[in-house]
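Q: I'm new to this one. Can you walk me through it, piece by piece?

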2 protein chains.
Amino acid sequence: MVSDKQQRATEGEKLEIVRHSAAHVLAEAVQSIFPDVKFGIGPAIENGFYYDFELPRSLTPDDLPLIEAKMREIIASNVPFIGQEATKGEARALFAAQPYKLELIDEIPDEKVGLYRQGSFLDLCRGPHVSSAGEIKAFKLVSIAGAYWRGDEHRPMLQRVYGVAFDTEEALAEYLRKLDEAAKRDHRKLGRELDLFSIHEEAGPGLVHWHPKGAGIRRVIEDFWKDEHIKRGYDLIYTPHIAKLDLWKTSGHWEFYRDYLYSPMEVEGQEYIIKPMNCLGHILIYKTSQRSYRELPLRYAELGTVYRYERSGVLHGLSRVRGFTQDDAHIFCRFDQLEDEVVGVLDLALFMVDTFGFTNYQVLLSTRPESYAGTIQAWDEATETLSRALVRQKLAYNIDPGEGVFYGPKIDIKFEDAQGRGWQGPTIQVDFNLPQRFDVAYIGEDGQEHLVAMVHRTVLGSMERFLASLIEHYGGAFPVWLAPVQAMVIPVADRHLDYARKLEDELKGEGVRVVVDARSETVNLKIRQAQLDKIPYMLVVGDREVAESTVSVRLRSGEQLASLPFDGFKESIREAIVNRVKELRL
Amino acid sequence: MVSDKQQRATEGEKLEIVRHSAAHVLAEAVQSIFPDVKFGIGPAIENGFYYDFELPRSLTPDDLPLIEAKMREIIASNVPFIGQEATKGEARALFAAQPYKLELIDEIPDEKVGLYRQGSFLDLCRGPHVSSAGEIKAFKLVSIAGAYWRGDEHRPMLQRVYGVAFDTEEALAEYLRKLDEAAKRDHRKLGRELDLFSIHEEAGPGLVHWHPKGAGIRRVIEDFWKDEHIKRGYDLIYTPHIAKLDLWKTSGHWEFYRDYLYSPMEVEGQEYIIKPMNCLGHILIYKTSQRSYRELPLRYAELGTVYRYERSGVLHGLSRVRGFTQDDAHIFCRFDQLEDEVVGVLDLALFMVDTFGFTNYQVLLSTRPESYAGTIQAWDEATETLSRALVRQKLAYNIDPGEGVFYGPKIDIKFEDAQGRGWQGPTIQVDFNLPQRFDVAYIGEDGQEHLVAMVHRTVLGSMERFLASLIEHYGGAFPVWLAPVQAMVIPVADRHLDYARKLEDELKGEGVRVVVDARSETVNLKIRQAQLDKIPYMLVVGDREVAESTVSVRLRSGEQLASLPFDGFKESIREAIVNRVKELRL
C-alpha cells in the first residue's frame, strides 16, 4: 500500500525512494551470492545508493557484473516491497545473525522498529520504498570502496558497493557519460599526465610539490592576482609561517580550531605552531603604529601558505590538502566604510572568477549561529551591510541561516565548472572577535579609540584548490594566458632549426612561453606529443615557412590553420595573452 | 724594558698592544670609582678593546664620560706598565678577592703565571703592553653591554664596557665618523623609520613581518630574480614547508644539522619538521620520472622559506634571523656539464649583484675538510672544476683550505657595501652526499644509471639578509627601480588636485609607484616628509605646472630641477626603472 507520504513525494523524492530500494535489491543480490554476509547500512545518496557489507572475501571489480545480473533478475521478477512494524524483541530475534543490525536496533529510542522485506531479504528500515522492484528502471553498480563501520576507524572495515540509479536509461547514460568525462578531467590524473604537481608519501600526504609546469601556471595566477590587488588599493605583505603558541591562545584559535592545528614545536623553552591562518601576522603589522581614521581602510594582502590537519582519509589531490596557499587579505576599516569595502571585494572577486572563465555562481549569506562573539546588534548591522553590498552588486543570493562563523556573518560564492560541479570560491567574513581580543583600533575623528571593522577574505580560496578547479574546468586545456607552454615550434628537418630558434627568441622577447621541439622525431609524433601536452599552438616550420617568413599553425584542438606571416601570429598570441582571452583562436 | 717581541711588532700589532693596554687603564679607572669591582677579562678587539666587570650597580651611558676622564688622568700621569711572573700560589693570594681571576688561574697549565701592573691596578696577564700609559694616544669609550661570564648563559651576567683606540686623534675621528654613518644606515633603524618591516616578541624573535613598503621592494627583487632565472633556463617550483622527519634522517640533516632544526611536530603518529633547506623537495620532484642524459641539466629554482634555530642572543635585525626566504636553486647535471653550469651561475650571480649596485667582491674557494662524503678523487675533480670556472669568469679568488662543507667543495662570494663592510653573497656548493643517499640518477648515453652532479646555489642568499645589505648600502635611499614609492606628487593647493590625480593615473599606467600627498599641509612640510621617506622624485604642481602641463621636480637629495614637460619626466622615470639605473638623475 502506498502511504500518504509517498503520494506527496516530489519527483526528486521519488527518485530517492527508487535509489533506496535499489540498495535493498543490491543487498538481496549479495546475500544470494554470499549467504553469510553481515549487513551494515544501505542508504540513497546523490545520484544513487550504496550498501555496506562484511563478506568472507574482498570484492573485485569483476564481481560487479555478477551482482548486477542478480539484481536485474530480482527487478525482472517485480518482487513486492512490504513494510511492517515489529517490537525490538521481535527484531532482535529476526536479526540474531546480524551484529551490525543488532547494534542499530539497540540505539532506536522507540519500542517499535520498522522492517522492510522484498523476496528473501529483510532489512531494518522505515522506508519508504517502491511498491515492487520493477519500479527500479535504470541502475548501474560503479565502484567498491572500504568504509569503517559508522565511519569510526576503530571499528571493522566493511566493503561498500556504490551504484547509481535514474528514472530512465537515457538519464543514466547521460550521467555515466558525465562521470566518464569527469574521470578524464580528474585533476589528479591530468596533474600527472601534464606533469603539473606531485604528492609524496615520503614527504607526507596532502603536501603539494609544484612541478615547473604547475608552478608556471601558479606564477601567472599569482602575478595577475598581485597586480589586480595593487590596482585596487591593497598592500602586499609577507608574514612568517610560525608564531608562538601564546599568540594563538590569545586569538582563540587554540581553543576553537585545535583539531586542525599541528602539535607545537619548542624553541628555547617557548612553544610555537605552524600557522593555520594569516590573520595574526596582519594584525601585528597593523598594530605597529597608531592608526588614524584618515588612514583607513588598510587592505593587507598575502599569498600566505598555511598548514591545517586533515585526516588522511579525506585528503584528495589538490582539492583537500594539508598545506595550502591562501590568496588572503584582511581589510581594517571603519564600520561606516564596511559596505563600500564589501562591494569592492565582490567586484574584485567576480572580476577574477570571470577572468578565469567561470560564469555561474551561487551566493550564500550566512547568518548568526547559536554561539557567537559580539553583540546581536553588531551582527544584525553587519549582516544588513553584507546584504546591501550584495544588492548593490545585483547579486541574487540565498540566506544560509545560522551558518556564519562564530566570529561574524559571511558571504560565500560557489562557482560552477564546465561540468556543472560546484567549487568553493570567494569568501568574505566579518570578524567581531579578533579586533576585541587584540585591541585592533584606530583614533576616530572624535579623538577617541574605536575598534576597527575587520574583514577576512579570499578570492580564489587557495592556489591548490583553485588549480584543481581550473584543471577540471578546462580538462587541462588551459586558455593561452595560463598555459604553461603556450607555443611549440616544430621544425620539419634539421635545416629549419635556425629559423625555429629565431621564432623562439622573438616570441620569448614578447614574453611568450615557447619551446622548440628539436628532437630527431617525425613531425607527426611531435604534433601528437604537443597535443597530449595540450599546448595551444603548434608552429610547424619547413622550407616554405622559412622562405616566406610564415608559420603553419595547428591548434591543440587538431584544427589546421592556413600558413600566416609570423609577425601576424606573434601579434595575435601576444594579444590573446595580454587580454586573457578564454577561447583558442587566431 | 721593551721585549724582543715588542720590537718585532708590526704597526698592526703595536696598535693591538695599545688597545690591550687601554683595557687595563679602563679597569684601573673603574676600580678607582668602584673599589669593590670584580674583574672578568679585558682583551683588545677589532678597532678597540673591552673589559668585563661585576659592579654593585648597572652602568649607564652617563657613566662613560666619568670613567673616560679618569682614564685620561691615568694616561696623563704616564704610569709605567710592569710585567712580572708569579707562582700560582702567589697569584691566588694576590687575587683572593677576585673570583673570576681565581677561576682563570686554576685553568692555567703552567706553574708560573704572568702579571701586569700599572699604578694601583694589577692584572693576570701575559702582555705584551705599552711601556707606559702615555703611549695610548687616542681612545674613546663607546658602549656598555651585558655579557655572560665566559659566554655561558648559566654563569653570571657581567657588564662589558667597549672602547675604541687608534694611533692618532685623526684616525679615531675618522673611525667614529664611520661608526656614526653606520649607525645612521643601520637597517634596523632605517627599517623602522621607513616602515619596511618589524619583528615581534609576541610572535617570536627572528621572525620577520614585511610591511607594505618592505614587501614592495621584495616583490621587485623577486620578480627580477624570477624573470632572470627563467631567461637563463631555470624552472621555478614550489615545495612545502614541512616534511616527514624520516626524510631528513635519510638525507643526513637530522644527524648533521640537528642543532639548527626545530623540534618535530606529530601528525597521525608521524613526525614532521619544518624545513631548514629546500633540497629534499627538489630531489623528490626530480625523481618523479626517470631522467635521460638528454634532459640534463635541470635547474630548479625556488624562493623557499626555511626555518633554522639560532640562539636569541645572536639574532640581529634582518641579517640574522630564524626564518628566511632563500633564493635557492638546485642544478642536476652530468659531471661533464658541471663546469659550464658553474660558469653560468657565476655569470648570473655577478650580473645580479652588480645590478643591485655592489661592485666589490671577494671570492673564496673552499676545499675538502677533514671529514667528508664522497671520494678524494671526486673532491679533487670537482674542486678543479670550480677553479676552472672561476678562471673562465676571470675572477681572482683565494683558497680557503678545508673550509668546504662535508658534502662538497664550494665557492663563496662576499660583496662589500658602500661602507666597505662585507656581506655573505652568492654561494655555489657541489654535493656528493644527497645524490647518493637518494639515488638521484639519470640514464646515460650508455644506457646505464649514473648519479647526477648536484649543485646547491643561492645568488642573493636570503631576501631578509639581502634587504639588510641593500638598506645599509644605500642608507635607505634606494635606486628608483627598487624604491617602494618612486614619486610623490605634491599639489600646491586644492585646486591643483585634479591635475595631480591625472599625473598619478598616467604614471600608474606606466607601472610607476606613485602617491599624491593630498593632505592640507604646506608644500614645505610635504617635501620634508617625502625627503625623510627617501622618495626619489617629488613633483610639485601649482598654477604654472597645470597651465603648461609641466612638473616642478625636486630630488630627494634636495636638488631642485627646472620645470619640465610632464611627458618628458614620465619617459625619464620609466627609462630609469626599466634599465634599473643606480644613480638618481633625470
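Q: Let's start where the chains meet. How many residues of chain B are in contact with chain A?
A: There are 53 residues of chain B in contact with 53 residues of chain A. Keep in mind that this is a predicted model.

Q: What area do chain B and chain A bury between them?
A: About 4,600 Å². Of that, 60% is on carbon and sulfur atoms.

Q: Which three residues of chain B supply more of its buried area than any other three?
A: Arg219(B), Tyr238(B) and Glu268(B). They supply 16% of the area that chain B buries against chain A.

Q: How many salt bridges are there between chain B and chain A?
A: Eight. One joins Glu201(B) to Lys244(A), with the closest N and O atoms 3.3 Å apart.

Q: And how many residue pairs are in polar contact between chain B and chain A?
A: The count is 21, with both residues of each pair at pLDDT 80 or more.

Q: Which elements of chain B give two or more residues to the side that touches chain A?
A: The helices are α8 (212-231) and α11 (279-286) of chain B. The strands include β10 (208-210), β13 (265-267) and β15 (298-307) of chain B. The largest share, nine residues, comes from α8(B).

Q: How do the residues on that side of chain B divide into nonpolar, polar and charged?
A: There are 26 nonpolar, 12 polar and 15 charged residues.

Q: Switching to chain A by itself. How many helices and strands are there in chain A?
A: Chain A has 19 helices and 28 strands. Its C-alpha trace spans about 85 × 75 × 55 Å along the principal axes.

Q: How is chain A divided into domains?
A: Domain 1 covers 4-184. Domain 2 is in two pieces, 193-239 and 275-474. Domain 3 covers 487-578. The centres of domain 2 and domain 3 of chain A are 40 Å apart, taken over C-alpha atoms.

Q: What share of the residues of chain A count as buried?
A: Of its 586 residues, 54%. As for contacts in chain A with a separation of 6 or more, 69% are between residues 24 or more positions apart.

Q: How many of the residues of helix α11 of chain A are buried?
A: Eight of its eight residues, 279-286. Among them are Cys279(A), His282(A) and Tyr286(A).

Q: Now Glu472(A). Where does that residue lie?
A: In helix α15 of chain A, residues 463-474.

Q: Is Glu472(A) buried or exposed?
A: Buried. Its relative accessibility is 6%, and the cut-off for buried is under 20%.

Q: What is Glu472(A) in contact with, leaving aside neighbours within four places in sequence?
A: The contacts are Arg185(A), Asp186(A), His187(A), Asp417(A), Arg421(A) and Trp423(A). A polar atom of the Glu472(A) side chain lies 2.8 Å from the backbone nitrogen of His187(A).

Q: You mentioned Arg185(A). Which side chain meets Arg185(A) in a salt bridge?
A: That of Glu181(A), at 2.6 Å from N to O.

Q: Why are Glu181(A) and Arg185(A) separated by about one helical turn?
A: Because they are four residues apart in helix α6 of chain A, residues 169-185. An α-helix has 3.6 residues a turn, so residues three or four places apart point the same way.

Q: What about Glu107(B) and Arg150(B), where do they sit?
A: The pair links distant parts of the chain, 43 residues apart. Glu107(B) is in helix α5 of chain B, and Arg150(B) is in the loop between β7 and β8 of chain B. Their side chains meet in a salt bridge of 2.7 Å, N to O. Glu107(B) is partly exposed at 48%, and Arg150(B) is partly exposed at 44%.

Q: And how far apart in the chain are Glu510(B) and Arg574(B)?
A: They are 64 residues apart. Their salt bridge is 3.9 Å, N to O.

Q: Last one. Which residues do salt bridges that share partners join into one network?
A: Arg219(A), Asp223(A), Asp227(A), Arg219(B), Asp223(B) and Asp227(B). Over all chains, the count comes to 94 salt bridges.

Notes. Residues numbered from 1 in each chain as written. Chains lettered and ligands numbered in written order. Predicted model: local features only at pLDDT ≥ 70, side-chain atom pairs only at ≥ 80, totals over all residues. Heavy atoms only, no water. Domains from an automatic or database assignment. Contact = heavy atoms within 4.5 Å. Buried area = accessible area lost by both parts, 1.4 Å probe. Salt bridge = Lys/Arg side-chain N within 4 Å of Asp/Glu carboxyl O. Polar contact = N/O pair within 3.5 Å; in protein donor to acceptor, adjacent residues only side chain to side chain. Nonpolar A, V, L, I, M, F, W, Y, C, P; charged D, E, K, R; others polar. Buried < 20%, exposed > 50% of the residue type's maximum accessible area, 1.4 Å probe, protein only.
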